[in-house]
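Please view the sequence and the model below before reading on.

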Amino acid sequence: MTSTPPPHFPPSVQYLTTPSASPLLSPAHKVTFCSPCPPSSLPNPPPRVAIRKIEDPCHPAHGQSGLFNASNKPIPRGTWIRDYLGFVHAEAEADPLSDYDLSLERTVVEELDPETGELVQRVQVIGCDATKMGNESRFVNDYRGIPGFQRPNAVFELREWEVPGTGGKKGVRMAVWAGPHGVEKGAEICVSYGRGFWEKRREEAAKTGVSGAGANGASADGKVGKAAVGRQRRARRTHDKSWLG
Ligand SMILES: C[S@@+](CC[C@H](N)C(=O)[O-])C[C@H]1O[C@@H](n2cnc3c(N)ncnc32)[C@H](O)[C@@H]1O
């Protein structure tokens, strides 16, 4: 489903209000990851956010965009901010160069190695890539190096709800949530992509001699091997607020 994009959303990216399913997904994965979520099943009303161009030359993503708390008050700790929407895809379709691909599910599957005939284990990943389609969450930057940030003020975690008319099946989304200290009024909303993301990027920069990347040149969590699925960020546990203490 699409609707009017928010200000500063790039015209080249399709604005989504529900994830878009790859035809290669199984029916069960489509129900789990791509069912529409009724507004009544949202954890809380969506706080106001704004996509803004980063004008501060000291910001490591200067010239790119970020997502900001645009309400007239702090966003309290543990508040759901937005789902992370995009193209939900199977492992075979992962774009290894995507800056916007994160993993929703990692399952260990056993299969026969065609060469040795041995049973081998493989991690199968369902990803959500917001490169070509997505929502505000695709603009969430990593806190590292951003002036004024010692730690992230938000987290990526899964959320679940019961999908109507499916006999109790759970819908699952990756989402951005306010961290344990909340998000100050006007502050940029920043998560941690994980150390693996930046280690991987350093390794690739060393190999190619290209340092950093533009808005379309980043990578993701090294905890998910490139062989498994590109450079996807790792899915977190379901949001149970246990980390809020
Ligand atoms: C998911 S996008 C975030 C939104 C992006 N800034 C944009 O305007 O589209 C991830 C990319 O943002 C940039 N980025 C995010 N956090 C960063 C940071 N702390 N330092 C440098 N670059 C960052 C990198 O280019 C990264 O690949």
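## Annotated region

Over residues 47-194 the chain is 0% helix and 43% strand, with the end C-alpha atoms 25 Å apart. Helices (H or I, at least four residues) and strands (E, at least two) are DSSP runs, numbered from the N terminus. Residues 47-194 are listed by UniProt, in an unreviewed entry, as "domain: SET"; UniProt positions follow the numbering used here, feature names are shortened, and annotations may be inferred rather than shown by experiment.

The model is predicted: local features need pLDDT of at least 70, side-chain atom pairs count only at pLDDT 80 or more, and totals for chains, interfaces and linings use all residues. Residues are numbered from 1 along each chain as its sequence is written.

## The mixed sheet

An open sheet of 4 strands has the order S2-S6-S8-S7, with mixed pairing. Strands S2 (20-21) and S7 (101-112) are at the edges with a single partner strand each, so one side of each has no neighbour in the sheet. Two strands count as paired if DSSP finds at least two bridges between them.

S2 and strand S6 (residues 87-89) run parallel and are joined by 2 bridges. Ala21 is opposite Val88 in S6.

## The antiparallel sheet

Another open sheet has 3 strands in the order S5-S12-S11, with antiparallel pairing. Its edge strands, S5 (80-83) and S11 (154-162), each pair on one side only. Neighbouring strands of this sheet are turned by 40° against each other on average, direction ignored; axes are lines fitted to C-alpha atoms, for helices over the stretch in contact, and angles run from 0 to 180 degrees between N-to-C directions.

S5 is joined to the antiparallel strand S12 (residues 170-178) by 3 bridges, and Trp80 stands opposite Trp177 in S12.
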